[in-house]
Amino acid sequence: MVHLEVKNVDLSFGGVKALRRVNFQVEKGQMFSLIGPNGAGKTSLINCVSKFYEPDSGHIIFDGREITNMRPYQVTRCGISRTFQNIELFSGMTVLENIKLGRHIHLRSGSLAGMLYWGKAKKEEKALEEFLDEEILNFLGLSAIRNRMVAELPYGLQKKVDLARALASKPELLILDEPVAGMNREETQNLIEHILEIKKAWGLTVFLIEHDMAVVMNVSDWIAVINFGENITQGTPETVQKDPEVIRIYLGQSYGQDMKEGEGTS
Amino acid sequence: MSLLIQVLIGGMTIGSIYSLIAIGFVLIFKSSGVLNFAQGSMVMAGAFFAYTFVVQLHVPIIISLIITFLLAAIIGMLIERIVLRNLRGVSIISIIMVTLGISYMIDGGALAIWGSSNFTYPKLFPSFTLTVGGIRIASVYLWSFLTAGGLLVVFLLFFKYSKLGLSMRAAADNQKVAVALGISANKILSVTWIISALVATAGGILLASISALHINLSYIGLIVFPVVILGGLDSVAGAAIGGIIVGIIESVSGVYIAPYLGGAFQQVAAFIFLMIILLVRPYGLFGTKEIKRL
Amino acid sequence: MIKQCARKKWTYLIYVGIFLVFPFAFFKYTAYILFMVNMTAIGVIGALGLNMLTGYTGLISLGHAGFMGVGAYSVAILSMRLGMPAYLSLPAAGIITAFVGILVGTPSLRLRGFYLAMATLASEFILEYVFKNWESMTHGVQGLYITPPQIFGIYINNDRIFYFIAATLAICAVFCTRNLFRTNVGRAFIAIRDRDIAAALIGINVFKYKLISFAVSSFYTGVAGGLWCYYMTIINPEAFQLYVSIDYIAMIIVGGMGTIMGSVYGAIFVVLLPEIIQRVMEVLQPILHIEYAFAAFKQIVFGVIIVTFLIFEPRGLAAIFSRFGERMRKKKGGDQKQEGKLVEF
Amino acid sequence: MKKLVGFMVTVAFCLVSFSVYAGTIPVGIYGTLTGTDTDVNGMSYGPKDCLMYINEKFGGVMGHKYAPLLLDGKNQIPEEVKIFKRLVDVEKVVVVNGWSTGGTKALRDQINNIVKVVFQAQSFSQDVVDPVKYPYIFIQGPTYEQQVLLGMTLAKKAGAKTFAFMHADIEYGRAPCRNAIEMKIPQKLGLKVLGEIEYIGAAPDVTPQLLRIKKLNPDYVWIQDSVNNSIKILRDAAKVGVPASKFIGNCYDFSHVIYDTLGKDAEGFKALKVNADWNEDIPMMDEIREFMKTHKVVKKDTYYMKGWVQGKVIHGVVSRVLKKTNGKIPPTKKFRKMIRDEWEALVDFETAGGIPPLTYADHQGHQQARLLEIQGNKYVNISDWISLK
């Protein structure tokens with residue numbers, strides 16, 4: 001069934017049109033990739049989905065629910081969570097606290113209970129830590145650095161923490177905005193494996209934005225291509241790779257180079 | 001009807017002084033993002049310098065004005081050099097505290113040097129009065145009006161055309177870009193603080209010459225806050241116009257509303273108006289909006 | 001390990017001992033020192049409140065004097081009009097202030113940075129106007145007297161009694177705040193401070209938590225105001241003017257923004273520094289000969305200390321002490337990690 | 001936590017070690033040396049200088065020197081309470097010269113029931129004068145309310161029918177006017193109060209308020225404020241065309257700065273005088289001049305004179321006490337009590353012309369005032385000393 005549906009979404013900043021009537025559907029449990037050259041409007045689109053931007057028109061439907069006019073935190077409540085292209089971690093906190101924040105929507109204890117740190121609040125914290133331990137920290141291998149401040153972590157680890165924070169809310173739809181950008185081969189491999197594994201384990205739907213074509217072509221079940229904020233085409237990796245339009249505007253000039261980038265950066 | 005006219009004129013006269021002093025705030029904020037809580041003290045100090053030279057040392061007026069402005073400039077520069085230059089990248093509120101510390105120093109210094117008596121301020125400019133609609137306007141108000149207007153024009157041109165002005169705006173917008181453009185942030189900041197100190201001094205002299213001189217003059221710093229915010233923290237024009245608006249609001253509310261609400265309503269009226277404006281325009285009347293980015 | 005625990009127990013016992021003996025330890029200085037300690041305790045509670053809002057949530061407030069006023073007036077009115085006992089009127093005052101705080105905090109939906117700060121400043125002036133002109137309630141500029149409640153036949157504004165009340169409350173406040181920042185609410189505050197957009201996108205209702213922050217913060221401040229009222233037994237609008245807000249800002253900045261102990265150090269600093277300067281200068285007086293400029297010099301020195309201090313350690317006393325603590329622990333060897341974290345808080 | 005405790009203890013100790021050692025007769029004075037109201041703080045410097053003068057001239061009293069200690073109350077209640085506790089507990093002073101109305105009220109219980117020390121308040125507010133309720137609080141002159149009464153009486157004599165009040169929105173400003181109205185002073189005199197107009201204490205401009213005055217057009221306006229603001233009022237009065245002769249000020253509106261600053265705009269402004277002005281030709285002025293030979297006096301105004309008088313009163317009372325104990329200083333508690341009794345017993349105490357003779361039976365030194373008017377850039381007496389009894 002359709003998990004996320006984007007219908008004729010328009011978005012513009014001042015005069016500039018960022019998105020023009022963009023359409024696509026993400027099946028449940030799918031590994032969906034959205035590709036396109038820089039400035040094609042990929043990030044703008046997921047910002048629309050996670051409600052950082054208000055689309056001018058069009059609909060975004062998740063699990064059959066209209067989320068177009070929700071506030072960001074409500075969207076997260078529905079079971080969508082995301083990572084960020086340039087990591088948006090809370091520098092003033094430790095790794096563990098950052099990841100805990102990812103689970104914020106599931107925590108109920110109020111400020112008074114928190115102050116007394118008694119009964120409910122305390123239980124909740126304990127439960128939270130257990131959950132994170134078994135489901136995420138060990139799994140992503142972050143247990144060792146749980147009490148380090150995020151600011152002092154290397155880039156790769158920060159990316160990982162960002163992912164962990166997104167997973168912490170145990171979403172149904174996980175949006176990854178260039179998760180492996182700037183990572184070397186091993187890091188990339190290892191991260192992708194983790195993603196696939198947890199996807200399988202939790203039956204996640206994954207919405208991937210990535211420049212590293214190798215990754216995209218390997219992992220995706222379905223790929224949508226946009227350019228200048230417009231749909232170009234969509235289909236399985238094979239069909240997309242063959243599509244002349246795509247080759248012309250995208251792969252043609254920058255495929256190989258992107259591959260190199262994939263290797264080069266480390 | 002004639003009363004209303006008088007009310008409006010009365011509001012504008014004091015408003016002109018508000019504008020003048022508010023411009024000093026704005027300049028500093030515009031270039032360095034600092035809300036200078038010591039501005040009021042700088043105003044007071046400026047007034048006292050002029051007083052000292054003219055009355056206590058009997059220096060001819062023109063010369064003593066020149067010396068006063070030189071001194072003010074030096075102080076402004078020293079504050080920037082010694083204190084704020086060492087506070088790059090410190091959280092804004094710490095900088096607020098630092099400027100408060102500076103104001104403690106200036107106030108204390110003034111108290112130590114001049115004591116806490118009331119002083120009669122010398123007549124520094126040709127003082128005449130003209131009567132408009134039953135209001136006798138002392139020349140001082142006209143001077144402050146002209147000075148504020150003049151400064152406004154000067155700075156508008158300055159920020160539009162002069163290289164330094166442009167670079168100041170660049171620096172205000174984005175330190176990195178400015179540095180990339182080879183603009184010396186330090187130089188810009190020094191210049192701003194000097195200019196702002198001069199403006200403060202001018203304001204101080206004008207303000208003092210319409211009342212007795214006393215160290216409490218520095219309260220004006222608090223009184224013009226609504227002006228600065230109303231106009232928008234980083235807009236010189238905003239400060240100028242905001243001053244007049246606040247002046248008029250205080251005057252109108254003082255005459256027409258206070259009788260029914262009782263108490264001294266005018267200042268509160270200004271703040272309430274400020275709140276309303278902020279709810280409609282969160283960055284003041286002319287302030288530039290900061291854009292959220294991810 | 002067991003030895004560890006034993007030692008801990010002893011140290012705690014020693015703390016308790018000091019706490020109990022303190023108010024009897026200073027002979028003729030007792031009342032004078034206790035007064036400052038009590039003001040510090042009130043300051044600590046208020047500073048924790050402001051720090052929660054400004055230091056942890058990143059919302060600058062210049063309106064805390066007004067909030068203190070609301071707390072103080074609520075206590076006065078509740079206890080005099082309705083004869084409410086202290087243990088009820090203090091929390092009640094806190095709650096009333098919290099509502100006012102929420103009201104004042106509402107613009108934070110749209111206003112940011114200095115513009116919000118100025119909105120709070122506006123609320124400060126508006127509150128002052130209300131205190132002065134709602135005569136039927138606040139008795140205008142002349143203010144309200146209260147007769148403080150008694151414990152064992154002694155008025156609680158007796159310095160010793162009040163010390164036990166205020167200091168205890170202050171310590172409770174410290175621990176409550178520490179707990180709060182172990183849980184999701186506190187984390188949400190910090191998230192909003194660090195990156196409000198990201199916070200919203202990972203599922204925090206930013207506006208709601210800003211309001212919560214305002215509420216909790218004003219609750220603390222209101223309680224502080226209430227204590228102030230019980231201690232001074234008179235309140236008038238002139239007691240809650242802007243300079244009070246500024247003192248509190250000084251506390252959290254000098255103490256250390258976004259640290260709990262910072263609020264404590266800050267309160268101590270701001271209450272005691274002027275007194276220390278005073279005493280030192282009195283000792284130096286024969287050398288200085290500044291009868292008339294005495295107060296002035298005091299002011300200057302205060303300014304100089306604050307400025308130099310912030311130049312050399314903008315992150316406040318807490319940072320200094322924790323760095324100091326780090327060094328100590330390095331010397332001792334790393335067997336006291338937990339305590340290390342404690343210092344951070 | 002540990003550090004915290006350590007810190008507090010060390011601080012406590014350094015406070016202890018820094019304590020100054022009080023002289024034989026410690027006298028405590030606090031006033032607003034920084035902050036608002038500093039323009040009238042001559043009355044805090046006065047007593048200190050007076051007592052120092054007495055020390056130097058007569059070697060104190062019966063061989064005991066005074067140890068006056070002047071502290072800065074900042075016109076803030078907690079500050080004043082702190083200072084009071086230090087003065088009475090640490091310095092063991094025998095008399096306290098206080099300042100603000102608020103502080104005095106906050107300390108009322110301490111002064112009268114707990115510490116029991118004579119408290120000479122600078123505030124003239126009637127709320128703190130009550131020989132029965134506040135046996136230890138003394139003030140020097142007529143209360144503000146009495147001053148309003150006098151002003152109105154004289155205005156009435158001058159044929160006034162209507163009256164208005166102008167004052168800042170602070171206790172010193174509003175309270176006396178409200179009290180005067182509550183005490184039905186205007187009604188008794190058959191005066192109609194047209195309005196009570198307030199402004200912010202620190203406001204740089206009061207034009208709107210004066211436009212209201214102009215609209216109401218009362219025969220006389222009572223200014224319940226001090227010099228600095230009165231100058232603004234008269235300035236803006238001239239601005240909107242209300243003659244200065246309509247304004248009457250209380251005892252704190254009495255300064256040459258007014259006419260120096262405003263020139264002819266101040267012509268006809270009236271103010272009450274309750275004690276001598278600076279440079280008046282009275283014996284007390286000679287004492288001050290003598291003192292100035294060796295010391296610097298920065299506050300050369302009528303408030304300094306008021307303060308000097310307070311110093312003389314303290315000296316007078318202390319010397320009476322010591323006569324009783326023939327020169328021996330009694331234990332602090334007893335000393336304070338005796339001072340209080342002697343103080344209350346003062347009758348027609350002469351202050352070398354600084355002030356009308358002082359009688360403290362009702363805890364108010366004197367209740368007389370005379371009205372002055374600015375004529376040709378100087379003050380002219382337009383009434384004799386009038387008793388407000």
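Two residues are in contact if their C-beta atoms, placed from the backbone, lie within 7 Å. Residues are numbered from 1 along each chain as its sequence is written, while chains are lettered from A and ligands numbered from 1 in the order in which they are written.

**Exercise 1.** Describe the side of chain B that touches chain C.

Step 1. Chain B brings 39 residues to the contact and chain C brings 37 residues.

Step 2. Helix H4 (92-114), helix H10 (225-231) and helix H12 (266-280) of chain B each give two or more residues to this side; helices are DSSP runs of H or I, at least four residues, numbered from the N terminus. H4(B) gives the most, with 14 residues.

Step 3. By class, the side of chain B has 27 nonpolar residues (Ala, Val, Leu, Ile, Met, Phe, Trp, Tyr, Cys and Pro), ten polar and two charged (Asp, Glu, Lys and Arg), where polar covers the others, Gly among them.

**Exercise 2.** Find where confidence in chain C is lowest and where it is highest.

Step 1. Helix H15 (residues 337-344) of chain C is lowest, at a mean of 38, and helix H10 (residues 206-232) of chain C is highest, at 96.

Step 2. Over residues 335-345 of chain C the pLDDT is below 50. Where pLDDT is low, the predicted coordinates should not be read in detail.

Notes. Predicted model: local features only at pLDDT ≥ 70, side-chain atom pairs only at ≥ 80, totals over all residues. pLDDT = per-residue confidence, 0-100.
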